[in-house]
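Hi,

Here is the structure I said I would pass on.

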Amino acid sequence: RHTMGLTVEQKLTIHELLGRSALAYDERDLPTLESGFAPHASLSMRIAGGDLIGPFEGREAIMKLFTDSMAEQSDVRRHVVSNIFFDESGEDPIAISNLTLVATENGEINLLTAGIYRDTLVQLDGSWRISHRHIELQVLLTVAKCYEYRKDSCENRPAGPGPRSTDRHPQPAPHDLWAAG
């Protein structure tokens, strides 16, 4: 339990944890990725205001979600975490940040999605760990990705950069977009 406000040093350490976790997913550095989560951690997500997915309970279940997702991905992903700030009103601090997920495949970079991470944090053995991650994803697929995921849902979609979270298109499975990092 964290009862005092976070120091500047603690906030910087947490910033580094979030950045390291994102890069670890992108580089398939599973030991580093796993070490960012508490053993009792949980993860949940919601895509474009749809039904809650999860929670995935325990670090082992979270890592299975990640490795299953990695196995499905042929592109190179970059989870860009930005605009980090903290909610310290509860028992444990929560880091709130933006996610921008881009992917490179065949020399082309595509924006896959954007969203918000809400990471509840705990200190274990002197190190900060994520004890719960909730991800709110929007669906921002390029035309090419839209056809790849759900060709039939894209036939009559309006021209533009891709479906917005308010569009009523079938949504890709969580492992198609994420897996959360």
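Helix 1 (residues 8-27) has 20 residues and runs 28 Å from first C-alpha to last, close to the 28 Å expected at 1.5 Å a residue (the expected span is 1.5 Å times one less than the number of residues). Helices (H or I, at least four residues) and strands (E, at least two) are DSSP runs, numbered from the N terminus.

Bear in mind that this is a predicted model: local features need pLDDT of at least 70 and side-chain atom pairs count only at pLDDT 80 or more, while totals for chains, interfaces and linings use all residues. Residues are numbered from 1 along each chain as its sequence is written, and side-chain values use heavy atoms, with hydrogens and water left out.

The chain averages a pLDDT (the predictor's confidence in each residue, from 0 to 100) of 81, and 75% of the residues score at least 70. Watch residues 142-181, where pLDDT is below 50.

Back to helix 1: its buried residues (under 20% relative accessible area, 1.4 Å probe, protein chains only) include Ile 14, Leu 17 and Leu 18. Just after helix 1, Arg 28 has a positive phi of about 60 degrees.

Cheers

Key
Contact = heavy atoms within 4.5 Å. Buried < 20%, exposed > 50% of the residue type's maximum accessible area, 1.4 Å probe, protein only.
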